[in-house]
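Here are some notes for a colleague who is meeting this structure for the first time. Please read them with the sequence and the model at hand.

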Amino acid sequence: MKVYFKTILMLIKMQLEYRKAFIISVIGSFLITFLLITSVYFLFQEFEQIGEWTFYEVAFLFGMVYLNFSLSEMFLRGLDHFENVIKNGEFDRILIRPQSALMQSTCMEFDLSKIGRLLQCVAIIVIALVNINIDWNLYKILVFILMNIGCFIIFFGIFILKAAFCFWTIDGLEFMNIFAEGGKKVAQYPIDIYAKWFRIFFTFVIPFGLVNYYPVLFLFGKADNWYYGIIPIFTFIFLIPCILVWKIGVKHYESTGS
Amino acid sequence: MKKYLSFFKLRLNIALQYRAAAIGGMLTQFFWAIMQILIYQAFYKVVTSENISLEQLISYLWLKQAFYTIISPSTDVEIRDMIEKGNISYELCKPTNIYWMWYFKTLANKIAGGFLKSIPILVIAPLLPAGLSLNAPAGIVEFILFLVSMFFAILLMAAIMNIFYISLFYTMSAKGTASIFYALVEFFGGTFVPVALMPKFWQGLCYILPFSLAADLPFRIYAGNIDLKSSLVYIVMQIIWLLIITISGTIITNRRLKKVVIQGG
């Protein structure tokens, strides 16, 4: 863990050296998120609600999903671009170091420019929460934190899976974006608005339903079942098959590059 | 002209080689289209929009996905690297105009990748169960106008992308500039939310700017969401924008190339 943070610190210093490029990147990612949430706002201007859900409730989910996605992009960037590590044979170097291969691959890169988006998502969450009537208590705060942890864990799992597939395909697969980018888009809306087959996939295979539906029902007082609040914990189960695939991948690895 | 055409053919062949990637991309496209349709179905369950019917919107979403490669602001890594890493010096040695070289390169990539990707959707989407399927065009006249506006949309989008490459000479940050460009084109082009569903003021703004003329207009014409008279007006606007962007693009490129600084070592 100490090594991880030290590596990250070095990478941050590196990026701050190119100031103009850095500022433009921050403006860029800020603009995308701003225009995305504006688009959601436009839709609610036209339709007022989706299913039982209002704009601020959806905005809250949007904020939470994008916040954790940005955190994943920031801290797990190395996994996101793992095909580069495989392609130029750098993974050989990783294997001979006395640290876990997964940990090293994770901190190969660090993208600070996502910081703009991060703050923006926090702002969106705060604005949404102010406008939603919630009876806050200690348990609900815990639920809120659990939801965010769960959301991050799902993205972590997806990123590991995405990287692990590179062991077989060498190149990155556009197909894998369905889970990361697509999941992000899907999870913006509570999963009860989708058709049944779609809902089942995003609850039991990619478990977004565990963070963006059941705990939200409890948090917003739409359901009284207190145990809905601890459901996000089960996202950790999703990590098990992901890490397993990674381990099999490492065994399968044959060096490339020169 | 001949040298540009043979260059165009060369790029076309290269782009067609990536067939495996195209299959993965195809699955992604179907996923995106169906997901969006599911979301809008949920919206329409409560209130129906007066601006566009659900059937029209579904056709619109399918077509948009089908031709996404053509109308999306995806950038060419080779050209980006040329500017950022200094390979542009080789390019400048060639006896060709760099603006048109890049223009035809972008066009070839978009057309080869784009039409290949559109075929599966155009074949499969009309066969899906009702309420999820791509409908036939609103009429023969609409279909012809769709083809005409699509033709100009492709040219216009390639010209817009060229403006992006030129702007790299000034910002020198491909990643950041690309994301700003992406945000503007996707938002005003109606990819984040279809222009027809935006508030009135924003709709007006969208149709003054070139982005929605390139990325939104043809599909609305196909779905029958715009009456014939306004369609013609918008097509004329496409041509005007095409001229403005191409001419200003060439002028800026030529001026900038006189004082270009080669990056890298």
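**Notes on the model**

1. In the largest nonpolar core, which has 152 residues, Leu156(B) and Met157(B) touch the most other members. Such a core is a set of buried Ala, Val, Leu, Ile, Met, Phe, Trp, Tyr and Cys residues joined through C-beta atoms within 7 Å. Helix α9 (residues 138-169) of chain A supplies the largest share of this core, 17 residues. A residue is buried if 20 or more other C-beta atoms lie within 10 Å of its own, exposed if 12 or fewer, and partly exposed in between, with C-beta atoms placed from the backbone.

2. This is a predicted model, in which local features need pLDDT of at least 70 and side-chain atom pairs count only at pLDDT 80 or more, while totals for chains, interfaces and linings use all residues. Residues are numbered from 1 along each chain as its sequence is written, and chains are lettered from A and ligands numbered from 1 in the order in which they are written.

3. The model scores ipTM 0.83 and pTM 0.84. Chain B averages a pLDDT (the predictor's confidence in each residue, from 0 to 100) of 85, and 94% of its residues score at least 70. Within chain B, confidence is lowest in helix α6 (residues 88-93), at a mean of 73, and highest in helix α12 (residues 217-223), at 93.

4. Leaving aside residues up to four places away in sequence, Met157(B) touches Ile70(B), Ile71(B), Lys110(B), Ala214(B) and Ala215(B); a contact here requires C-beta atoms, placed from the backbone, within 7 Å.

5. The contact between the chains takes 34 residues from chain A and 30 residues from chain B. On the side of chain A that touches chain B, α2(A) gives the most, with 17 residues.

6. The 29 residues of helix α2 (residues 19-47) of chain A should span 42 Å at 1.5 Å a residue, and the end C-alpha atoms are 43 Å apart, which agrees; the expected span is 1.5 Å times one less than the number of residues. Among the buried residues of α2(A) are Ile24(A), Gly28(A), Phe30(A), Ile37(A) and Leu43(A).

7. Just after α2(A), Glu48(A) takes a positive phi of about 70°, although Glu48(A) is not a glycine. Most residues other than glycine have a negative phi. Glu48(A) lies in the loop between α2 and α3 (55-75) of chain A, and counts as exposed because 12 C-beta neighbours fall inside 10 Å.

Technical notes. Helix = DSSP H or I, 4+ residues; strand = E, 2+ residues; numbered from the N terminus. Contact = placed C-beta atoms within 7 Å.
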